[in-house]
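Here are my notes for you to read with the model open beside them. Take the points one by one and find each spot as you go.

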Amino acid sequence: MKKAIGINNRRDFFKKIGLSTASVLLPITSLNSMPLPALSRAPNQPNTPVNFIYDGLALTPQEYLEKLDQINKKQPIEPDFYGNGGATKLIEDAFTKITGKEKAIYLPTGTMANQLAIKLLNGNNTKVIVPENSHVFRDEADAAQSVHSKRLIPIGKGKPYFDVEDLKNTIDYTNTNEVFKSGLGTIVIENPVRRADGTVVPIEKIKEISNYCKENNYKMHLDGARIHLASAFSNTSLLEYASYFDTVYISLYKYLNASGGAMLCGDADIIDKVAHQIKILGGTVYQSWSNTAMALYYLNGIEDRWSQVIQRSKTIISELNKIEGLRISSLKNGTNIYDLTLDTAINLKKLAIFLYDTYNIWLGRANEKGVVKFVINESLLTRDYKDIINAWIEGIEYARG
């Protein structure tokens with residue numbers, strides 16, 4: 001049986017993330033935690049990893065450079081300069097087309113994309129309504145308040161997403177109980193919802209909220225960092241999703257495999273103001289082509305590939321659910337995250353070590369409820385699905401008792 005990863009690389013990885021080899025399981029108690037670094041693999045590694053952790057491929061630096069070289073050999077990559085021209089212009093044009101918006105612009109981070117959209121849409125209004133479990137509210141270091149003088153009002157606590165009644169009640173409560181009106185300008189929706197394990201906001205809910213906002217002259221921003229996943233699992237086009245919002249942010253690294261970057265799409269009167277905002281906030285970079293060329297490559301054909309991922313995952317999950325003591329369950333309105341549970345007779349640590357060492361298959365750690373978040377992505381397309389199933393069967397037998 002051939003080992004997929006050398007023991008030195010394995011030890012180096014655990015050292016990097018602060019784990020001893022005795023504590024091998026990758027520390028993912030939920031997908032809301034910070035992402036792990038990619039494993040180091042030899043350049044001639046025959047097996048691309050199949051990872052059940054990330055939204056994307058988790059390319060190593062070596063693989064990233066090789067892919068850029070492959071892209072460049074097929075058609076030379078044209079550099080941008082301070083975000084103008086080259087591969088960056090090409091991807092901006094591509095996102096303009098797929099979202100149906102007038103313009104798109106590259107930004108270094110999703111946080112900056114969200115924050116600038118909120119700032120520019122909101123104008124002189126100070127209040128912005130955001131999902132209580134959203135990245136904007138929980139994970140952007142109070143940037144709206146401390147940098148842009150905007151007050152975030154959370155909505156939908158304890159729910160995966162809010163609906164139009166929640167929105168009306170929140171607005172009514174705010175208007176009734178505040179004497180000095182400073183103005184509400186923007187409503188934010190995140191879709192899919194990462195803190196709700198990738199839950200999709202039903203399109204009917206979005207339509208209802210959009211209609212209400214139009215009637216009351218509120219702007220709408222979509223934190224669509226992973227919107228391609230929502231589109232793939234809901235059979236709703238990206239074009240339709242975007243049509244209900246004034247601005248849309250989409251990540252370039254979560255499943256488009258760039259090393260960073262974000263796109264913000266919207267009407268020209270908003271997007272034309274973004275470049276200056278990026279500059280004054282210190283976000284302008286000399287060249288971004290290494291991110292935009294990579295993302296543009298993976299953007300091409302993404303719908304077809306994710307259709308294949310979904311079909312292949314159905315087969316794999318169906319077969320794995322035939323194994324005694326293992327259960328993989330889908331989530332309501334879910335996307336690419338499933339719940340995996342094991343009987344106590346199966347040692348999760350032994351299983352993870354076996355899959356990792358022997359077959360270069362990555363598995364996360366169980367949370368406090370004993371559930372492993374089982375994430376599917378395009379890495380399923382890099383290996384014969386029968387080999388993946390057989391590896392799990394062998395691993396489960398090894399881990400019993």
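1. Let's start inside. By class, the second largest cavity has a lining of 8 nonpolar, no polar and 1 charged residues. (Ala, Val, Leu, Ile, Met, Phe, Trp, Tyr, Cys and Pro count as nonpolar, Asp, Glu, Lys and Arg as charged, and the others, Gly among them, as polar.) The residues lining this cavity are P131, P160, Y161, F162, I189, E190, V193, V201 and I209. A cavity is a set of points, on a 1 Å grid over the protein atoms alone, where a 1.4 Å probe fits but cannot get out, and lining residues have an atom within 4 Å of a point.

2. Before you go on, some ground rules. This is a predicted model, where local features need pLDDT of at least 70, side-chain atom pairs count only at pLDDT 80 or more, and totals for chains, interfaces and linings use all residues. Residues are numbered from 1 along each chain as its sequence is written, and side-chain values use heavy atoms, with hydrogens and water left out.

3. How many cavities of 30 Å³ or more does a search of the whole structure find? It finds 2.

4. Now look at two helices. α9 (residues 227–234) packs against α14 (residues 302–320) at an angle of about 60°, and their axes are 10 Å apart. That makes α9 oblique to α14. (Under 35 degrees counts as roughly parallel, over 145 as roughly antiparallel, 65 to 115 as roughly perpendicular and the rest as oblique; axes are lines fitted to C-alpha atoms, for helices over the stretch in contact, and angles run from 0 to 180 degrees between N-to-C directions.) Helices (H or I, at least four residues) and strands (E, at least two) are DSSP runs, numbered from the N terminus.

5. Who touches whom there? H228, L229, A232 and F233 of α9 meet I302, W306 and I310 of α14, where contact means heavy atoms within 4.5 Å. By class, that contact has 6 nonpolar, 1 polar and no charged residues.

6. Next, find D339 in strand β10 (residues 337–342). Its C-alpha atom is 5.9 Å from that of V372, 33 residues apart along the chain. Leaving aside neighbours within four places in sequence, D339 has contacts including R327, L331 and V372.

7. The peptide bond from N191 to P192 is cis, with omega near -5°, and P192 sits in the loop between β5 (184–190) and α8 (203–215). A141 is not a glycine, yet has a positive phi of about 55°.

Note on methods: 1 Å grid on protein atoms, 1.4 Å probe; cavity = no way out; pocket = protein on both sides within 12 Å on 5 of 7 lines; lining within 4 Å. Points joined across faces, edges and corners; volume = space filled by probe spheres on them.
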